[in-house]
Amino acid sequence: MDYKLCIGTGMGFSLPVEEQIILIKKAGFDGFFTDAEDYEKIEKYACIAKKEGLAYQSIHAPFGNMHIMWEGNDEDAQEVMNMLFSCIDSCKKAEVKILICHVIIGMERHTPNKKGAERFLKVAEYAKENGVRIAFENTEGEEYLQAVLDICKNLDNVGFCYDSGHERCYNYNKDMLSLYGDRLIATHLNDNLGMKDVNNKTWHDDLHLLPFDGDSDWDYIALRLKKATCPQYLTFELISQNKPGRNEHDIYKDMDFAAFVAEAYKRALQIRQKINN
(Lines give C-alpha, C1' and ligand atoms only; values in the text may rest on other atoms or scores of the structure.)
Protein backbone atom coordinates (compact mmCIF):
# COMPACT_ATOMS: atom_id res chain seq x y z
CA MET A 1 0.00 0.00 0.00
CA ASP A 2 1.27 3.45 -0.87
CA TYR A 3 0.88 5.04 2.54
CA LYS A 4 0.90 8.83 2.66
CA LEU A 5 3.42 10.49 4.98
CA CYS A 6 2.56 13.24 7.48
CA ILE A 7 4.42 15.09 10.19
CA GLY A 8 3.52 17.31 13.11
CA THR A 9 4.37 21.00 13.10
CA GLY A 10 6.31 22.68 15.88
CA MET A 11 8.99 20.12 16.72
CA GLY A 12 10.76 22.61 19.00
CA PHE A 13 11.23 25.27 16.33
CA SER A 14 9.97 28.85 16.63
CA LEU A 15 9.41 29.26 12.89
CA PRO A 16 5.78 30.25 12.25
CA VAL A 17 3.56 27.30 11.45
CA GLU A 18 2.53 28.91 8.17
CA GLU A 19 6.16 28.77 7.01
CA GLN A 20 6.63 25.29 8.42
CA ILE A 21 3.77 23.96 6.29
CA ILE A 22 5.47 25.19 3.12
CA LEU A 23 8.75 23.52 4.09
CA ILE A 24 6.92 20.31 5.02
CA LYS A 25 5.55 20.23 1.46
CA LYS A 26 8.99 21.00 0.02
CA ALA A 27 10.54 18.11 1.97
CA GLY A 28 8.10 15.70 0.33
CA PHE A 29 5.48 15.05 3.02
CA ASP A 30 1.85 14.60 1.99
CA GLY A 31 0.36 16.26 5.05
CA PHE A 32 0.75 17.59 8.58
CA PHE A 33 -0.99 17.96 11.92
CA THR A 34 -1.01 20.83 14.38
CA ASP A 35 -1.78 21.39 18.02
CA ALA A 36 -5.14 22.98 18.78
CA GLU A 37 -5.15 26.76 18.49
CA ASP A 38 -7.65 29.57 18.03
CA TYR A 39 -9.91 28.78 15.10
CA GLU A 40 -8.59 31.74 13.09
CA LYS A 41 -5.17 30.08 13.03
CA ILE A 42 -6.65 26.66 12.29
CA GLU A 43 -8.58 28.16 9.39
CA LYS A 44 -5.41 29.78 8.05
CA TYR A 45 -3.52 26.48 8.22
CA ALA A 46 -6.39 24.73 6.44
CA CYS A 47 -6.32 27.31 3.64
CA ILE A 48 -2.57 26.84 3.18
CA ALA A 49 -3.04 23.07 3.13
CA LYS A 50 -5.61 23.32 0.34
CA LYS A 51 -3.44 25.70 -1.65
CA GLU A 52 -0.39 23.43 -1.31
CA GLY A 53 -2.29 20.21 -1.92
CA LEU A 54 -1.50 18.86 1.55
CA ALA A 55 -3.67 16.89 3.93
CA TYR A 56 -4.42 18.58 7.25
CA GLN A 57 -4.38 15.16 8.86
CA SER A 58 -5.42 15.94 12.45
CA ILE A 59 -5.54 18.38 15.32
CA HIS A 60 -3.97 17.42 18.66
CA ALA A 61 -6.07 18.44 21.65
CA PRO A 62 -4.44 19.94 24.77
CA PHE A 63 -3.88 17.33 27.46
CA GLY A 64 -2.58 19.08 30.56
CA ASN A 65 -5.91 18.81 32.40
CA MET A 66 -7.04 15.36 31.33
CA HIS A 67 -6.89 14.04 34.90
CA ILE A 68 -9.77 16.36 35.74
CA MET A 69 -12.02 14.27 33.50
CA TRP A 70 -11.55 11.44 36.02
CA GLU A 71 -10.95 13.23 39.30
CA GLY A 72 -12.62 16.62 39.02
CA ASN A 73 -16.05 17.78 40.10
CA ASP A 74 -18.74 18.24 37.46
CA GLU A 75 -18.06 21.95 36.98
CA ASP A 76 -14.32 21.55 36.47
CA ALA A 77 -14.76 18.50 34.26
CA GLN A 78 -17.27 20.40 32.14
CA GLU A 79 -14.61 23.04 31.43
CA VAL A 80 -12.30 20.35 30.08
CA MET A 81 -15.13 18.84 28.07
CA ASN A 82 -15.97 22.26 26.63
CA MET A 83 -12.35 22.62 25.54
CA LEU A 84 -12.59 19.28 23.72
CA PHE A 85 -15.94 20.28 22.20
CA SER A 86 -14.22 23.42 20.88
CA CYS A 87 -11.47 21.32 19.32
CA ILE A 88 -14.11 19.19 17.63
CA ASP A 89 -15.83 22.32 16.35
CA SER A 90 -12.52 23.50 14.88
CA CYS A 91 -12.02 20.14 13.17
CA LYS A 92 -15.50 20.31 11.65
CA LYS A 93 -15.21 23.89 10.41
CA ALA A 94 -11.71 23.38 9.00
CA GLU A 95 -12.63 19.97 7.51
CA VAL A 96 -9.96 18.21 9.56
CA LYS A 97 -11.14 14.64 9.92
CA ILE A 98 -9.40 13.50 13.12
CA LEU A 99 -8.92 14.85 16.64
CA ILE A 100 -6.10 13.26 18.66
CA CYS A 101 -6.76 13.09 22.38
CA HIS A 102 -4.88 11.92 25.47
CA VAL A 103 -7.04 10.37 28.19
CA ILE A 104 -4.84 10.99 31.25
CA ILE A 105 -1.75 12.79 32.49
CA GLY A 106 0.36 11.71 35.43
CA MET A 107 2.67 8.75 35.97
CA GLU A 108 1.14 7.94 39.34
CA ARG A 109 -2.42 7.52 38.09
CA HIS A 110 -3.73 4.00 37.45
CA THR A 111 -7.35 3.96 38.62
CA PRO A 112 -9.90 4.97 35.98
CA ASN A 113 -13.51 5.27 37.05
CA LYS A 114 -16.96 5.08 35.49
CA LYS A 115 -17.66 8.81 35.78
CA GLY A 116 -14.51 9.76 33.86
CA ALA A 117 -15.16 7.19 31.15
CA GLU A 118 -18.71 8.48 30.75
CA ARG A 119 -17.40 12.03 30.34
CA PHE A 120 -15.15 10.88 27.50
CA LEU A 121 -18.10 9.04 25.98
CA LYS A 122 -20.01 12.34 25.82
CA VAL A 123 -17.06 13.91 24.02
CA ALA A 124 -16.90 11.02 21.56
CA GLU A 125 -20.65 11.21 20.93
CA TYR A 126 -20.34 14.95 20.23
CA ALA A 127 -17.55 14.19 17.76
CA LYS A 128 -19.76 11.66 16.00
CA GLU A 129 -22.62 14.16 15.77
CA ASN A 130 -20.22 16.56 14.04
CA GLY A 131 -18.62 14.08 11.65
CA VAL A 132 -15.25 14.01 13.41
CA ARG A 133 -13.24 10.91 14.24
CA ILE A 134 -11.49 10.92 17.60
CA ALA A 135 -8.32 8.89 18.19
CA PHE A 136 -7.31 8.20 21.78
CA GLU A 137 -3.56 7.84 22.28
CA ASN A 138 -1.49 5.42 24.35
CA THR A 139 0.32 7.41 27.02
CA GLU A 140 1.09 6.77 30.66
CA GLY A 141 -1.76 5.13 32.54
CA GLU A 142 -2.75 2.63 29.85
CA GLU A 143 -5.68 1.54 32.04
CA TYR A 144 -7.44 4.82 31.19
CA LEU A 145 -7.10 4.19 27.47
CA GLN A 146 -8.69 0.78 27.85
CA ALA A 147 -11.56 2.24 29.89
CA VAL A 148 -12.31 4.89 27.26
CA LEU A 149 -12.06 2.56 24.27
CA ASP A 150 -14.26 0.03 26.07
CA ILE A 151 -17.04 2.49 26.81
CA CYS A 152 -16.85 3.84 23.23
CA LYS A 153 -16.82 0.41 21.59
CA ASN A 154 -20.12 0.98 19.79
CA LEU A 155 -19.06 4.29 18.23
CA ASP A 156 -17.58 3.85 14.76
CA ASN A 157 -15.89 7.26 14.85
CA VAL A 158 -13.70 6.32 17.83
CA GLY A 159 -10.34 4.62 17.52
CA PHE A 160 -6.73 4.36 18.57
CA CYS A 161 -3.73 6.59 17.92
CA TYR A 162 -0.58 4.49 18.24
CA ASP A 163 2.46 6.35 19.59
CA SER A 164 5.52 4.14 19.11
CA GLY A 165 7.70 6.14 21.50
CA HIS A 166 5.07 6.08 24.23
CA GLU A 167 4.85 2.33 23.85
CA ARG A 168 8.61 2.12 24.35
CA CYS A 169 8.74 4.24 27.51
CA TYR A 170 5.32 4.80 29.09
CA ASN A 171 3.98 1.34 28.28
CA TYR A 172 7.28 -0.50 28.89
CA ASN A 173 7.23 -2.19 25.45
CA LYS A 174 3.77 -3.65 25.99
CA ASP A 175 2.36 -4.52 22.56
CA MET A 176 -0.31 -1.86 22.23
CA LEU A 177 -1.05 -2.78 18.63
CA SER A 178 -2.00 -6.31 19.60
CA LEU A 179 -4.57 -4.78 21.95
CA TYR A 180 -5.98 -1.97 19.85
CA GLY A 181 -4.60 -2.42 16.33
CA ASP A 182 -8.02 -3.37 14.99
CA ARG A 183 -9.17 0.14 15.93
CA LEU A 184 -6.12 2.03 14.66
CA ILE A 185 -6.95 5.27 12.87
CA ALA A 186 -3.80 7.35 13.43
CA THR A 187 -0.11 7.01 14.28
CA HIS A 188 2.48 9.12 16.08
CA LEU A 189 5.71 7.47 15.02
CA ASN A 190 8.94 8.43 16.80
CA ASP A 191 11.93 6.81 18.47
CA ASN A 192 12.82 6.45 22.12
CA LEU A 193 15.28 4.94 24.60
CA GLY A 194 12.77 3.58 27.09
CA MET A 195 12.33 4.65 30.71
CA LYS A 196 15.72 5.70 32.09
CA ASP A 197 14.83 4.97 35.73
CA VAL A 198 11.70 2.94 36.49
CA ASN A 199 11.88 4.17 40.08
CA ASN A 200 11.81 7.79 38.95
CA LYS A 201 9.32 7.90 36.10
CA THR A 202 9.29 11.15 34.19
CA TRP A 203 7.95 12.65 30.97
CA HIS A 204 11.54 13.65 30.21
CA ASP A 205 11.96 10.10 28.84
CA ASP A 206 9.34 10.79 26.16
CA LEU A 207 11.99 11.84 23.66
CA HIS A 208 10.26 11.82 20.24
CA LEU A 209 13.53 11.26 18.41
CA LEU A 210 13.79 10.70 14.68
CA PRO A 211 13.34 7.03 13.76
CA PHE A 212 16.61 5.07 14.11
CA ASP A 213 18.10 7.57 16.59
CA GLY A 214 16.77 5.59 19.57
CA ASP A 215 16.70 1.87 20.20
CA SER A 216 13.20 0.98 19.02
CA ASP A 217 12.85 -2.17 16.92
CA TRP A 218 11.45 -0.70 13.71
CA ASP A 219 11.21 -4.05 11.94
CA TYR A 220 8.94 -5.24 14.75
CA ILE A 221 6.92 -2.02 14.71
CA ALA A 222 6.50 -2.23 10.93
CA LEU A 223 5.41 -5.86 11.11
CA ARG A 224 2.74 -5.06 13.69
CA LEU A 225 1.51 -2.01 11.77
CA LYS A 226 1.16 -4.19 8.69
CA LYS A 227 -1.01 -6.64 10.65
CA ALA A 228 -3.12 -3.85 12.15
CA THR A 229 -5.72 -1.82 10.31
CA CYS A 230 -2.99 0.65 9.39
CA PRO A 231 -4.41 4.04 8.32
CA GLN A 232 -3.70 5.65 4.97
CA TYR A 233 -1.50 8.28 6.58
CA LEU A 234 1.65 7.36 8.49
CA THR A 235 2.11 10.31 10.79
CA PHE A 236 5.32 11.22 12.61
CA GLU A 237 5.48 13.25 15.84
CA LEU A 238 9.04 14.45 16.39
CA ILE A 239 10.97 16.85 18.60
CA SER A 240 14.30 18.53 17.87
CA GLN A 241 15.02 20.02 21.29
CA ASN A 242 16.38 18.41 24.46
CA LYS A 243 14.07 17.64 27.35
CA PRO A 244 15.07 19.31 30.66
CA GLY A 245 18.37 17.99 31.94
CA ARG A 246 18.87 15.72 28.92
CA ASN A 247 21.15 15.84 25.88
CA GLU A 248 19.84 13.18 23.48
CA HIS A 249 18.74 15.84 20.99
CA ASP A 250 22.19 17.42 20.69
CA ILE A 251 22.55 15.48 17.43
CA TYR A 252 20.04 17.92 15.89
CA LYS A 253 21.51 21.14 17.27
CA ASP A 254 22.95 22.29 13.93
CA MET A 255 19.74 21.62 11.99
CA ASP A 256 17.28 24.35 11.10
CA PHE A 257 13.67 23.46 10.44
CA ALA A 258 14.22 22.73 6.74
CA ALA A 259 17.12 20.38 7.42
CA PHE A 260 15.30 18.59 10.25
CA VAL A 261 12.12 18.01 8.28
CA ALA A 262 14.11 16.86 5.22
CA GLU A 263 15.91 14.29 7.35
CA ALA A 264 12.60 13.27 8.90
CA TYR A 265 11.22 12.61 5.42
CA LYS A 266 14.16 10.33 4.58
CA ARG A 267 13.50 8.31 7.74
CA ALA A 268 9.76 8.24 7.02
CA LEU A 269 10.44 6.73 3.61
CA GLN A 270 12.46 3.98 5.28
CA ILE A 271 9.62 3.21 7.71
CA ARG A 272 7.11 3.06 4.87
CA GLN A 273 9.34 0.68 2.96
CA LYS A 274 9.59 -1.60 5.98
CA ILE A 275 5.81 -1.74 6.29
CA ASN A 276 5.39 -2.43 2.59
CA ASN A 277 7.99 -5.23 2.51
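How do the residues of the lining of the largest pocket divide into nonpolar, polar and charged? I counted 13 nonpolar, 10 polar and 5 charged. Ala, Val, Leu, Ile, Met, Phe, Trp, Tyr, Cys and Pro count as nonpolar, Asp, Glu, Lys and Arg as charged, and the others, Gly among them, as polar.

Before going on, I noted that this is a predicted model, where local features need pLDDT of at least 70, side-chain atom pairs count only at pLDDT 80 or more, and totals for chains, interfaces and linings use all residues. Residues are numbered from 1 along each chain as its sequence is written, and side-chain values use heavy atoms, with hydrogens and water left out.

Largest pocket: I found a volume of about 560 Å³. A pocket is an open set of points on a 1 Å grid over the protein atoms alone, where a 1.4 Å probe fits, with protein on both sides within 12 Å along at least five of seven lines; lining residues have an atom within 4 Å of a point. The volume is the space filled by probe spheres set on the points. Of its 28 lining residues, Phe63, His102, Asp206, His208 and Glu237 are the closest to the centre.

Second largest pocket: I read about 440 Å³ and 19 lining residues. These divide into 12 nonpolar, 3 polar and 4 charged.
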